[in-house]
Amino acid sequence: MTSTIEQQFLCHVALNLFEQGACNMESWRKGLPWWQQTNPVHRCNP
């Protein structure tokens, strides 16, 4: 498990209230600041 996968997991499960349904976790994606991930537009996966 990479730090990016862990960050996406925490975002999907614990922080993002706007997301419904399945979530995607991509190991190739770079890490992002929390303010950029936890918003209704990007929903953890910009």
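This is a predicted model: local features need pLDDT of at least 70, side-chain atom pairs count only at pLDDT 80 or more; totals for chains, interfaces and linings use all residues.
**View 1. The whole protein.** Here you can find 2 helices and 0 strands; helices (H or I, at least four residues) and strands (E, at least two) are DSSP runs, numbered from the N terminus. Of the 46 residues, 30% are buried, where buried means under 20% relative accessible area, exposed over 50%, and partly exposed in between (1.4 Å probe, protein chains only). The protein exposes about 3400 Å², with carbon and sulfur atoms supplying 59% of it; accessible areas come from the Shrake-Rupley method with a 1.4 Å probe, and for residues only the protein chains shown count as cover.

**View 2. Gln-7 and its partners.** Gln-7 belongs to helix α1 (residues 3-15) and counts as buried because its relative accessibility is 13%. Setting aside neighbours within four places in sequence, Gln-7 is in contact with Arg-29, Gly-31, Leu-32, Trp-34 and Gln-37 (contact means heavy atoms within 4.5 Å).

**View 3. Gln-8 and the backbone of Glu-26.** Gln-8 is also found in helix α1, and at 0% relative accessibility this residue is buried. Look for its side chain reaching the backbone oxygen of Glu-26 at 2.8 Å.

**View 4. A nonpolar surface patch.** Phe-9, Leu-10, Val-13, Leu-15, Met-25 and Trp-34 make a patch of about 550 Å². Patches are made of residues with over 30% relative accessible area and no salt bridge, with like charges joined within 9 Å and nonpolar side chains (Val, Leu, Ile, Met, Phe, Trp, Tyr) within 5 Å; a salt bridge is a side-chain nitrogen of Lys or Arg within 4 Å of a carboxyl oxygen of Asp or Glu. Helix α1 gives the largest share, 4 residues.

View 5. Lys-30 counts as exposed because its relative accessibility is 61%. From Lys-30 to Gln-7, count 23 residues in sequence and 10.0 Å in space, C-alpha to C-alpha.

Methods
Residues are numbered from 1 along each chain as its sequence is written. Side-chain values use heavy atoms; hydrogens and water are left out. A polar contact is a pair of N or O atoms within 3.5 Å; within protein, one must be able to donate a hydrogen and the other to accept it, and residues adjacent in sequence count only if both atoms are side-chain atoms.
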